[in-house]
Amino acid sequence: MTRLEYTKKVLEHFKNPRNVGEMEDADAIGTVGNPVCGDMMELSIKVEGDKIEDIKFRTFGCASAIATTSMLTELVKGMDLKDAENIKWADVVKGLEGLPPVKVHCSLLAVEALKAALYEYYRKKGINRTDLKPRDDEGDEHHGDSEKACGPLI
Amino acid sequence: MKRIYLDSNSAMPTRREVVEEMLPFFTEHYGNPSSIHELGKKPRRAMEVARERVASLIGSDPSEIIFTSGATESINLALRGPIPFRGPGKDRIVISQADHQSVRATSAAIENSGLRRSVLELDGSGRISMEEAERTIGEDVYMVSIPFASHEVGTLQPLGEVLELVKEHGALFHIDLTTSAFQIPFDVKELDADLVTLSSVDLMGPKGVGALFVRKGTGISGLIKGGGHERGLRSGSENIPGIVGFGAAAEYVKQNMSIYSPRLCSIRDHLIKGLLGIPDSHLNGHPKSRLPNNANIRFDYVEGESMLLLLDMNGISVSSGSACTQKNLEPSRTLLSMGLRHEEAHGSLQFTMNPDNTMEDAKYVISIMPEIVEQLRDMSPLYNP
Ligand code: FES
């Protein structure tokens, strides 16, 4: 794989993203990123017992953002909340058989969105899980801070 | 699948007849033009013919053409070469946000080495503002560098007006002709620039060769030292096949521009009109005063790389001003300077043509694009119809 090229797996997810859309009866929605800085990711979850019953996403981002989030939703659908919390960007990247280095930050965004949704889910139940709290939940504060919204520049 | 190539700003195909002219200089006339023996003769002559052909494209004297390895090197030479000759108190360079990255990067390096730099912003149509230019260009400026047209959005720049200012303040004027030379005539006798950058690939010639026009009498020193080739301004054994091809391409362009440029204009206008039929789409750059081969359109709520890849899957090659397609993940400076927000720059696509493109190409793009935009808007959290 050259620095610029996506794997077949990424392109396949990009072309046919799984679990795209809004969720009417979502238990929680996590939104991260900032359109001012570039990317924006929205992830909705439906929880049944201790499991993520359903998950949907919408994104304003590149092919890598679409593919990584699609991959992530596949990984966590049906998963125990506990396990979902521990999903790492490396798991997503592995599932996609790699990403160009400059595009790895998009997979961080997918994971951040999932954490934000989980944080929101617990918050509604009166549990404050600060460890899951998104870093970037103060609106426009990070205007122009592309490191933050787009992840580390690799 | 048929491939429709609309990324001519990135690279153009080399014309077959150009390649034909180059071939003997690899295997038969491979001598060094500096050699006194028989094998030096042909390449030496061929190089001078090429120099005449390139000079003739811009109305200069052949002795004012310095061959380089391409536009980037020409720009480096143009911007840095005159520094040792600049007058007392002249320590500032002025460029614009319409410039190519190589002008930005070279001038930034000049700034880092202790001189100063001003960057002219653009108005909403992608043109530098003369008011700002008047405020900015002063006695302390040694060089003003402006492209003939904005690299990205294709808006033509007010070169004549800038030239007057430049002369008034005793500075040098460099024009980057890279994107316009194959499609709009230019003559150094009519526009009194001191330095002009030309690139072979952008004339449908081979890659890896370019030229800098240096007006007679301009104080300039070379950056690449060695055997003293190109009047001491650019050492290194000449890339003869490349230079021959460059000359052939310049000749082709000179003969054919008046035939294909109007055709490019009508394809461009058709493409723009068709794409603006998509809701929430906008033209970047000036509607009329723009390069014949450039259509730059932005589609709200969607990101450029995704569009680019979906077009690619449909056989269409374009490029994008989106941060996501840049190595440094920064959105296009040109688009931001024109007042676009980051997310607007994100959704911008650049369609650039060459004479091989046809009206059919434009029609095909127009037929494919709505579905792509719709597909991506459906998954965009910014889009709430
Ligand atoms: S979303 Fe911008 S680079 Fe991936």
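**Ground rules.** Residues are numbered from 1 along each chain as its sequence is written, and chains are lettered from A in the order in which they are written. Since this is a predicted model, local features need pLDDT of at least 70, and side-chain atom pairs count only at pLDDT 80 or more, with hydrogens and water left out of side-chain values.

**Whole chain.** I looked up the make-up of chain B and found 12 helices and 13 strands (DSSP runs: H or I of at least four residues for helices, E of at least two for strands). The C-alpha trace spans about 70 × 50 × 35 Å along its principal axes. Buried residues (under 20% relative accessible area, 1.4 Å probe, protein chains only) make up 61% of the 385 residues.

**Two helices.** Next I checked how α8(B), residues 240-275, lies against α12(B), residues 359-378: their axes come within 9 Å and cross at roughly 10°. That makes the pair roughly parallel (angles under 35 degrees, on a scale from 0 to 180 degrees between N-to-C directions, using lines fitted to C-alpha atoms over the stretch in contact). Among the residues that meet are Ile267(B) and Leu271(B) from α8(B), and Val365(B) and Ile366(B) from α12(B).

**One residue.** Is Thr352(B) buried or exposed? I found Thr352(B) buried, at a relative accessible area of 0%, in strand β13, residues 348-352. A polar atom of the Thr352(B) side chain lies 2.9 Å from the backbone nitrogen of Ser8(B). Beyond its neighbours within four places in sequence, Thr352(B) has contacts (heavy atoms within 4.5 Å) including Tyr5(B), Asp7(B) and Asn293(B).

Technical notes
Parallel < 35°, antiparallel > 145°, perpendicular 65-115°, else oblique. Buried < 20%, exposed > 50% of the residue type's maximum accessible area, 1.4 Å probe, protein only. Polar contact = N/O pair within 3.5 Å; in protein donor to acceptor, adjacent residues only side chain to side chain.
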